[in-house]
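Colleague: I would like to learn how to read the features of a model like this one. Please take them one at a time.

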Amino acid sequence: MEAVRRRSLAYTDVDEDELVRQHSPLMSPLVWDLAHIGNYEDLWLVRALGQAAATRPGLDGVYDAFRHDRASRARLSLLGPEGSRAYLREVRARAFELLDHLDPALAHGGDDTRARLLTGGFVYGMVIQHEHQHDETMLATHQLRIGAALLAAGLPAPPGRPVARREVLVPAGPFTFGTSDDPWAYDNERPAHRVDLPAFWIDTLPVSNRAQLAFLEAGGYDDERLWSSAGWDWRQREGLTAPAFWWRDGDTWLRRRLGHVEPVPLDEPVQHVCWYEAEAHARWAGRRLPTEAEWEKAAAHDPATGRSHRYPWGDTAPTPDRANLGHRTSGPAPLGAYPAGASPCGAEQMIGDVWEWTASGFTPHPGFRSHPYREYSEVFFPKDGESSAFRVLRGGSWATGAPACRATFRNWDYPIRRQIFAGFRLARDAD
Ligand SMILES: [Fe+2]
C-alpha cells in the first residue's frame, strides 16, 4: 500500500494548475483521481471492512465514477491538491489503525461479507490494484498533456535482440481459462474453466513500430477494404493517418512521449493504436487478432503439466529481467528484450510493455458471480442479445503496476481508444 502511494504522489507532485486542469475531455483532472483513490480506500477498508463511519462524509457523490463522466469532473467542487493529500493521509491512518485491531477470526466467519473480503487479503489487494489502475490512468493524462515533461525519466530498458521464430504454434487442446484460486483476481477473471481450442499460430512478439510504419506506407490508413465499416467511419471522422502522438517531419517520423519529442524507435512495440487500427493492420498482414482465450492459452498454459501459470514464466512474481512493468522505464522495451519472460509456447513480452488488443468483447466467464460490487465488471457486460461495446486487452503495459498484472487479468475499453498504452499481436488459424 505504501509503495503504490509513493507512485500516486509522484504523479501528482506537480504545479497546482497542472493538477486541477482538464488536460483532455477523455480524462479526469489529476486531482480528481488523487482524492478518488482515497475515497475508494475509505469505502472498502474503513467502512465495508472496518465498519466505521466515513472519514469525511459528503465526498462520495463527487468521487463516484458512475455519477459524473470524466469530462465533467473539473466542474465539481473537488478537494484542492493539498486537501486531497490530507484526505489520503487521514484515510490511510484510519485504515491502518483498523488493520491493527482487526479480529483474525473475522476471516473465518462463514459466508459473511467481511469474511469474503478478507479471504487471501482480497480487499487489500483490490485497493492496491485500484490505486495502480488509477496511476496508469494518470500516466495517460500526463501523456495527453501538452507541454514540457513533468515526470522524471525512467530507467533505460534492456536491449532488444532478434528472435529466430516470427510465430509459434499452439497445438489444439483444452486449457484452463481464468482462475478460481488466485487470491487477488477480480470477479471477471473467475471461475477457472476448461476451454478446448483448435491449433493456432501466434506471433512471438507484439507488432513493432517498423511494421506499423510499413502498413502506413503501404497506404493502409487509406484503404477502406482493410477496415471494418465501423472502423472506417471512425478513421474518416477522426482523420486517422498514424498512431496517436506521431507526426512526420520531412522523412522522419517523430513521436511525443510524456513531453519528450523523439524519432519513432522502429524496434519497439507500437502503442497508442485503437482496436480498429489493429484490426485493419491484421487484415493487411493476412492475419487476425487472437481471441482472448487464445491469448491466455499462449501466455499461461504449460503443456508439460497441463496447468495454467500466473505468468508466462511460471508462478513467481515479475522481476525486471522478465517483464517491463510498473513504469521502471518510460515506455515499451525493444522487441526481444525479455527472453527470460517467454511463455511455454515461446511467445515473449506478453506481460508488460503494451496492453494487447484481442478480438474478443468483454463477456462473463461461465459461472461468473459479481464480487464485491456490480460496478467493477458486471455493469460493463452486454445485456441479453446485445454484443459487447468493448474489446478486451491483455497482458498489462510498461505503465501497469505489477500487483495489477497477471495472465488472467482482463482490461476492456472502447475500440476507438488510443490514449491507453495499447498495441497488439497477430495470430492465424493453423490450417
Ligand atoms: Fe476508480
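Colleague: Into which classes do the residues of the lining of the second largest cavity divide?

Modeller: A cavity is a set of points, on a 1 Å grid over the protein atoms alone, where a 1.4 Å probe fits but cannot get out, and lining residues have an atom within 4 Å of a point. Ala, Val, Leu, Ile, Met, Phe, Trp, Tyr, Cys and Pro count as nonpolar, Asp, Glu, Lys and Arg as charged, and the others, Gly among them, as polar. Here the lining of the second largest cavity has four nonpolar, two polar and one charged. The residues are His142, Arg145, Ala149, Leu150, Leu151, Leu258 and Gly259. The space in this cavity is about 40 Å³, a volume being the space filled by probe spheres set on the points, with grid points joined across faces, edges and corners.

This is a predicted model, in which local features need pLDDT of at least 70 and side-chain atom pairs count only at pLDDT 80 or more, while totals for chains, interfaces and linings use all residues. Residues are numbered from 1 along each chain as its sequence is written, and side-chain values use heavy atoms, with hydrogens and water left out.

Colleague: How many cavities of 30 Å³ or more does the count come to?

Modeller: Two. The largest cavity holds about 100 Å³ and has 14 lining residues, with Trp246, Arg255, Arg256, Gln271 and His272 nearest its centre. Strand β6 (residues 252-257) gives the largest share of that lining, three residues. Helices (H or I, at least four residues) and strands (E, at least two) are DSSP runs, numbered from the N terminus.

Colleague: And which residues are closest to the centre of the largest pocket?

Modeller: A pocket is an open set of points with protein on both sides within 12 Å along at least five of seven lines. The largest pocket has about 1,600 Å³ of space. It is lined by 48 residues, and Ala65, Arg70, Arg73, His134 and Phe380 are the closest to its centre. Two or more lining residues come from each of α3 (30-49), α6 (122-144) and β12 (410-413). By class, the lining has 24 nonpolar, twelve polar and twelve charged residues.

Colleague: Which residues coordinate the iron ion?

Modeller: Donors are N, O and S atoms within 2.8 Å of the metal (3.2 Å for Na, K and Ca), and sites may look incomplete because water is not among the atoms. The iron ion is coordinated at 2.2 Å by NE2 of His36, His130 and His134. The donor spacing in sequence is H-x93-H-x3-H. His36 in helix α3 and His134 in helix α6 are 98 residues apart, and this pair links distant parts of the chain.

Colleague: How do α7 and α9 cross?

Modeller: Two packed helices are described by the angle between their axes and the distance between the axes. Axes are lines fitted to C-alpha atoms, for helices over the stretch in contact, and angles run from 0 to 180 degrees between N-to-C directions. The axes of α7 (residues 209-217) and α9 (residues 275-284) come within 11 Å and cross at roughly 80°. Therefore α7 is roughly perpendicular to α9 (under 35 degrees is roughly parallel, over 145 roughly antiparallel, 65 to 115 roughly perpendicular, the rest oblique). The contact (heavy atoms within 4.5 Å) involves Ala211, Gln212, Ala214 and Phe215 of α7 with Ala280, His281 and Trp284 of α9.

Colleague: Where is Pro191?

Modeller: Pro191 lies in the loop between β2 (173-177) and β3 (193-197). The peptide bond from Arg190 to Pro191 is cis, with omega near -10°.
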